Amino acid sequence: MGRRSRSSTLMTTPDLFLYTDRPIYHPGDEVQFRGVLRKPESYLARLFVPAKRSVVVELRTDDGGGAKTTVNVDAYGSFSGKLK
């Protein structure tokens, strides 16, 4: 049996997993979030730390409003912050 390469189906850009402290918010609520950056590599993914060591997290609302903040990424590709 020969090996099949699946590299053509893998993404080459980093993945972002973003988690919030709850599923639903009301206007004016503070949103607490945590995130992890990963870079696909072969069949596995490894942690990804951007060269700038910070990312911008932006919250957009249905009515066109929103907020954004810049947070630092640690040595493990993780970050956290708050938005109101």
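The model is predicted. The chain has six strands and zero helices. Its largest nonpolar core holds eight residues, and its largest pocket has a volume of about 360 Å³.

**Fold and surface**
- From the N terminus on, the elements run β-β-β-β-β-β.
- The protein chain has 84 residues, and 18% of them are buried.
- Take the contacts with a separation of 6 or more: 42% of them join residues 24 or more positions apart.
- The accessible surface comes to about 7000 Å². Carbon and sulfur atoms account for 51% of that surface.

- In soluble globular proteins, nonpolar side chains tend to be buried together.
- Here the largest nonpolar core is made up of F33, L37, V55, V57, V71, V73, F79 and L83.
- What does F33 touch, leaving out residues up to four places away in sequence? Its contacts include V57, V71, F79 and L83. Among the others are L18, Y19, T20 and T69.

**Largest pocket**
- The largest pocket is lined by 19 residues.
- Y25, V31, L59, R60 and T61 lie nearest its centre.
- The elements β1 (15–20), β2, β4 and β5 (66–72) each give two or more residues to the lining.
- Which element gives the largest share of this lining? That is β4, with four residues.
- By class, the lining has nine nonpolar, five polar and five charged residues.

Technical notes
Residues are numbered from 1 along each chain as its sequence is written. This is a predicted model: local features need pLDDT of at least 70, side-chain atom pairs count only at pLDDT 80 or more; totals for chains, interfaces and linings use all residues. Side-chain values use heavy atoms; hydrogens and water are left out. Buried means under 20% relative accessible area, exposed over 50%, partly exposed in between (1.4 Å probe, protein chains only). Contact means heavy atoms within 4.5 Å. Accessible areas come from the Shrake-Rupley method with a 1.4 Å probe; for residues, only the protein chains shown count as cover. A nonpolar core is a set of buried Ala, Val, Leu, Ile, Met, Phe, Trp, Tyr and Cys residues joined through side-chain atoms within 4.5 Å. On a 1 Å grid over the protein atoms alone, a cavity is a set of points where a 1.4 Å probe fits but cannot get out, and a pocket is an open set with protein on both sides within 12 Å along at least five of seven lines; lining residues have an atom within 4 Å of a point. Grid points are joined across faces, edges and corners, and a volume is the space filled by probe spheres set on the points. Ala, Val, Leu, Ile, Met, Phe, Trp, Tyr, Cys and Pro count as nonpolar, Asp, Glu, Lys and Arg as charged, and the others, Gly among them, as polar.
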